[in-house]
Amino acid sequence: MTAEPRDPAPAPSGVRLDRWLWAARFYKSRGLAHDACVGGKVDANGHAAKPSRLVRPGDRLQVTVGEWRRDVIVRALASRRGPAAEARALYEDRSPPPPPRSLRVPPPVVRPRGLGRPTKRARRLQDRLHDD
């Protein structure tokens with residue numbers, strides 16, 4: 001018996017959201033991308049997105065990374081992580097630029113009463129805040 005050649009597998013119509021976020025370098029690992037989706041940090045087309053949701057070209061994603069909310073439109077699909085230049089080609093960024101680092105104010109150091117003497121590092125941080 002001769003084996004008949006099979007048809008090549010059809011191209012997938014989409015890629016899992018957590019894989020795409022990882023391939024597009026929004027998160028350092030796929031696990032972090034998964035946790036962000038489960039935690040409500042990612043919206044797809046205006047709705048909360050699960051990690052297994054299929055992403056297609058033209059989808060609009062709102063991704064919260066740290067304190068910055070990014071608004072992107074998916075332009076291409078990728079399920080494997082590649083160089084940063086290829087990752088930037090996967091989406092069109094519609095979000096405003098982040099605020100300059102010089103304008104960011106660090107949160108105040110709060111030390112609850114009764115914890116004892118501060119460490120040398122904690123004391124230097126306090127002094128640096130009070131000197132400004």
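**Close-up 1. Val65 stands opposite Trp68 of strand S6.** The model is predicted: local features need pLDDT of at least 70 and side-chain atom pairs pLDDT 80 or more, while totals for chains, interfaces and linings use all residues. Residues are numbered from 1 along each chain as its sequence is written, and side-chain values use heavy atoms, without hydrogens and water. Strand S5 (residues 60-65) and strand S6 (residues 68-74) are antiparallel and share 6 bridges. Strands (E, at least two residues) and helices (H or I, at least four) are DSSP runs numbered from the N terminus; two strands pair if DSSP finds at least two bridges between them.

**Close-up 2. The open sheet has 5 strands in the order S3-S2-S5-S6-S7, with antiparallel pairing.** Strand S3 (47-48) and strand S7 (91-93) are at the edges with a single partner strand each, so one side of each lacks a neighbour in the sheet.

**Close-up 3. Helix H2 (residues 30-38) has Ala33, Ala36 and Cys37 as its buried residues.** They lie on the same side of H2, because their arc around the axis is only 100°, taken from the directions from the helix axis to the C-beta atoms. Buried means under 20% relative accessible area (1.4 Å probe, protein chains only). These residues pack against helix H1 (17-23) and strand S2 (42-44), contact being heavy atoms within 4.5 Å.

**Close-up 4. Trp20, Phe26 and Tyr91 form one aromatic cluster.** Rings of Phe, Tyr and Trp (its six-membered ring) pair if their centres lie within 6.5 Å; planes under 30 degrees apart are stacked, over 60 edge-to-face, the rest tilted. Trp20 and Tyr91 are edge-to-face, because their centres are 6.3 Å apart and their planes at 75°. Phe26 and Tyr91 are tilted, at 4.9 Å centre to centre and 45° between the planes.

Technical notes: Buried means under 20% relative accessible area, exposed over 50%, partly exposed in between (1.4 Å probe, protein chains only).
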